[in-house]
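Good morning, and thank you for coming.

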Amino acid sequence: MANLKVNIKDVEFKNPVIVTSGVIGYGREYEEFFDLSKLGGLATKGTTLHKRNGNPGKRIVEVPSGLLFSVGLQNPGIDYYIASELPNLLSKGTNILSNIAGNDEAEYCKIVEKLNETDAPIIELNISCPNTSGAPLGTSCEGTERITKIIREMTDKTLIVKLSPNVADIGEIAKAAESSGADAVSLINSIHAMKIDINTRRPFFHNNVGAYSGEAIFPIALRMVWEVANAVNIPILGIGGVTTGEEAIQMIMAGATCVEVGAAIFRNPYAPLQIIDEINAWLDAKGIQDINEIRGVVQPWER
Ligand SMILES: Cc1cc2nc3c(=O)[nH]c(=O)nc-3n(C[C@H](O)[C@H](O)[C@H](O)COP(=O)(O)O)c2cc1C
């Protein structure tokens with residue numbers, strides 16, 4: 001069997017497959033399906049300084065090749081996370097990415113101050129949530145630089161900055177995160193999207209605009225991962241519509257060190273395990289001993 005171990009800074013992942021933020025909360029129900037220690041990692045639900053009830057109205061709907069959602073970061077707040085969820089998560093034998101979000105810099109700082117008092121090894125800084133009010137910091141290079149620098153100065157934990165696809169040039173945003181001290185970038189968060197109920201003439205979501213995830217966004221996410229791989233030297237976690245081992249390998253060939261899997265789990269909770277098996281089978285079939293050998297190997301056509 002090939003080596004599937006990869007590293008992000010000094011954190012070792014037993015395999016490159018991580019369950020992405022927002023699709024399994026803090027893992028408690030998901031744990032009923034399989035032993036979480038089989039995963040390379042688990043990114044928690046985006047956690048904010050204070051408890052949030054999320055958006056009113058409908059929150060999720062299946063659409064062709066994916067899902068639209070507008071959850072609005074419902075979560076119990078950082079104090080509850082630290083007291084009641086983190087200890088359980090840290091006992092699961094997989095890498096825990098504490099995904100956090102704030103309304104402004106001050107909130108991010110207060111959350112990180114609290115996480116600094118814990119053994120949480122990795123922070124995934126969500127500066128790209130499409131379902132909260134206010135322009136997220138992650139849609140400009142200046143905002144990305146500002147928040148990444150502030151948090152970098154505050155913590156020695158492995159810092160992953162999660163990027164928005166709702167920007168003109170994601171490579172420039174990734175560069176801003178890298179030059180401000182991010183250890184890695186993860187991308188993409190979901191894509192702004194919409195649905196209208198033609199009978200009521202109202203947007204489906206009370207927030208009017210929601211977010212699109214799932215299979216349909218894979219080619220867009222892959223293109224963005226490739227662009228970011230050409231722009232920065234820090235590790236990349238590729239996210240967006242990954243459903244099969246073949247797609248995970250495409251992400252890795254584009255330059256990703258890990259992949260995060262989200263919407264695919266709604267259809268098949270075992271998708272992350274199947275992806276790990278499919279990566280393994282492909283590497284074995286090709287006689288490749290180590291997954292690290294295929295990272296970034298895509299050979300672009302001369303143009
Ligand atoms: C229901 C739902 C909730 C999500 N909540 C969060 C969140 O709290 N924080 C975050 O960074 N991303 C969140 N995301 C975005 C995912 O982590 C991921 O970036 C996106 O869905 C694309 O991956 P996928 O197509 O594999 O789902 C959420 C996605 C879904 C579907």
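The buried residues of helix H6 pack against strand E3 (17–19), helix H5, strand E15 (236–239), strand E16 (258–261) and helix H8 (271–286). Helices (H or I, at least four residues) and strands (E, at least two) are DSSP runs, numbered from the N terminus. This is a predicted model, in which local features need pLDDT of at least 70, side-chain atom pairs count only at pLDDT 80 or more, and totals for chains, interfaces and linings use all residues. Residues are numbered from 1 along each chain as its sequence is written.

How many of the ten residues of H6 are buried? Eight of the ten residues of H6 (residues 245–254) are buried, so this helix is largely enclosed by the rest of the structure. A residue is buried if 20 or more other C-beta atoms, placed from the backbone, lie within 10 Å of its own. Among the buried residues are Glu247, Ile249 and Met251. After H6 comes glycine 255, with a positive phi near 130 degrees.

I turn now to a pair of helices. H4 (residues 170–179) and H5 (residues 218–229) pack at about 50 degrees, with their axes 8 Å apart; axes are lines fitted to C-alpha atoms over the stretch in contact, and angles run from 0 to 180 degrees between N-to-C directions. Ile170, Gly171 and Ala174 of H4 make the contact with Met224, Glu227 and Val228 of H5, where contact requires C-beta atoms, placed from the backbone, within 7 Å.

Definitions and conventions:
Two residues are in contact if their C-beta atoms, placed from the backbone, lie within 7 Å. A residue is buried if 20 or more other C-beta atoms lie within 10 Å of its own, exposed if 12 or fewer, and partly exposed in between; C-beta atoms are placed from the backbone.
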